[in-house]
Amino acid sequence: MNFLARIGAAVRSQLINMGIGARLFWRLLTLLGPALKRPRLIGDQIHFLGNYSLAIIGVSGLFVGFVLGLQGYYILQRYGSAEALGMMVALSLLRELGPVVTALLFAGRAGTALTAEIGLMKAGEQLSAMEMMAVDPVKRILAPRFWAGLITMPLLAAVFSAVGVLGGWLVGVVMIGVDSGAFWGQMQQGVDWWVDLGNGVLKSFIFGIAVTFVALLQGYAAKPTPEGVSRATTRTVVVASLAVLGLDFLLTATMFSI
């Protein structure tokens, strides 16, 4: 009986948490208008989140491009299609690796920073103090960070893909000797602006929503103790990463199905 009671309590607790998350998500969506009336807050957060992630995104994109250039050349030369290396590198980055790897790095770098910041503000009773002064912390603190995350993610994914293409070019053309004209020409012919580039941008936008919301929710719901904040940052990485990978499967099946 005690076992069933514990299961029931756990299910009820999860349903309550889901309800709290759904209400917070709806509030953040409805606060777009008020947030846009104070663009300086969103701009500061875009600068904050971008600065946190730009270096790791650029370096990671370059190394991923290196690996794609090498592995792509090894595979394509078996079939006498080494000239298609540029197209393979661009499609791999635009469709999958750019949005997905950027989102995972964004969750580990900027997402944890957001969770820790909100959690420490809660532990330091700054959010409670704002409520006592009739200042809505969701409107003043969470909403600008949420919309800044949505804007920042596609920009970082674009940087990742651009640097990755550059890395593939360095390995394929400069190091291995693939014809430069064939590299860029095959890329221009094989990449569709809407199907490949547009869907890649849409993916990164949706991943931005997922990662930023998970980071803010974990920080906002964290226990106001150092241990609670630490656990919340860990949950941010785990939950956001799994959400990105799950969403990637669903989006890929929807966008690129035959």
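Me: A crossing counts as right-handed if the near helix is turned clockwise from the far one by less than a right angle, and as left-handed if the turn is anticlockwise. In this predicted model, which hand does the crossing of helix 3 and helix 6 have?

Reply: Helix 3 passes helix 6 in a right-handed crossing.

Me: What makes helix 3 roughly parallel to helix 6?

Reply: Helix 3 (residues 39–78) and helix 6 (residues 137–176) pack with their axes 5 Å apart and at an angle of about 25°. Angles under 35 degrees count as roughly parallel, and helix 3 is therefore roughly parallel to helix 6. The residues of this contact divide into 22 nonpolar, 13 polar and 2 charged.

Me: How many aromatic pairs are there, and why is the one formed by Phe25 and Phe146 called edge-to-face?

Reply: The count comes to 6 aromatic pairs. The rings of Phe25 and Phe146 are 6.2 Å apart centre to centre, with 90° between the planes; because centres within 6.5 Å make a pair and planes over 60 degrees apart make it edge-to-face, the name applies to Phe25 and Phe146. Phe25 lies in helix 1 (residues 2–30) and Phe146 in helix 6, so the pair ties together parts that are 121 residues apart in sequence.

Me: Why is Phe146 called buried, and why is Phe25 called partly exposed?

Reply: Buried means under 20% relative accessible area, and partly exposed lies between that and 50%. Phe146, at 0%, is therefore buried, whereas Phe25, at 28%, is partly exposed.

Me: Which aromatic cluster includes Phe25?

Reply: Phe25, Phe146, Trp147 and Phe213 form one aromatic cluster.

Methods:
Residues numbered from 1 in each chain as written. Predicted model: local features only at pLDDT ≥ 70, side-chain atom pairs only at ≥ 80, totals over all residues. Heavy atoms only, no water. Axes fitted to C-alpha atoms, helices over the stretch in contact; angles between N-to-C directions. Helix = DSSP H or I, 4+ residues; strand = E, 2+ residues; numbered from the N terminus. Parallel < 35°, antiparallel > 145°, perpendicular 65-115°, else oblique. Nonpolar A, V, L, I, M, F, W, Y, C, P; charged D, E, K, R; others polar. Phe/Tyr/Trp six-rings, centres within 6.5 Å; stacked < 30°, edge-to-face > 60°. Buried < 20%, exposed > 50% of the residue type's maximum accessible area, 1.4 Å probe, protein only.
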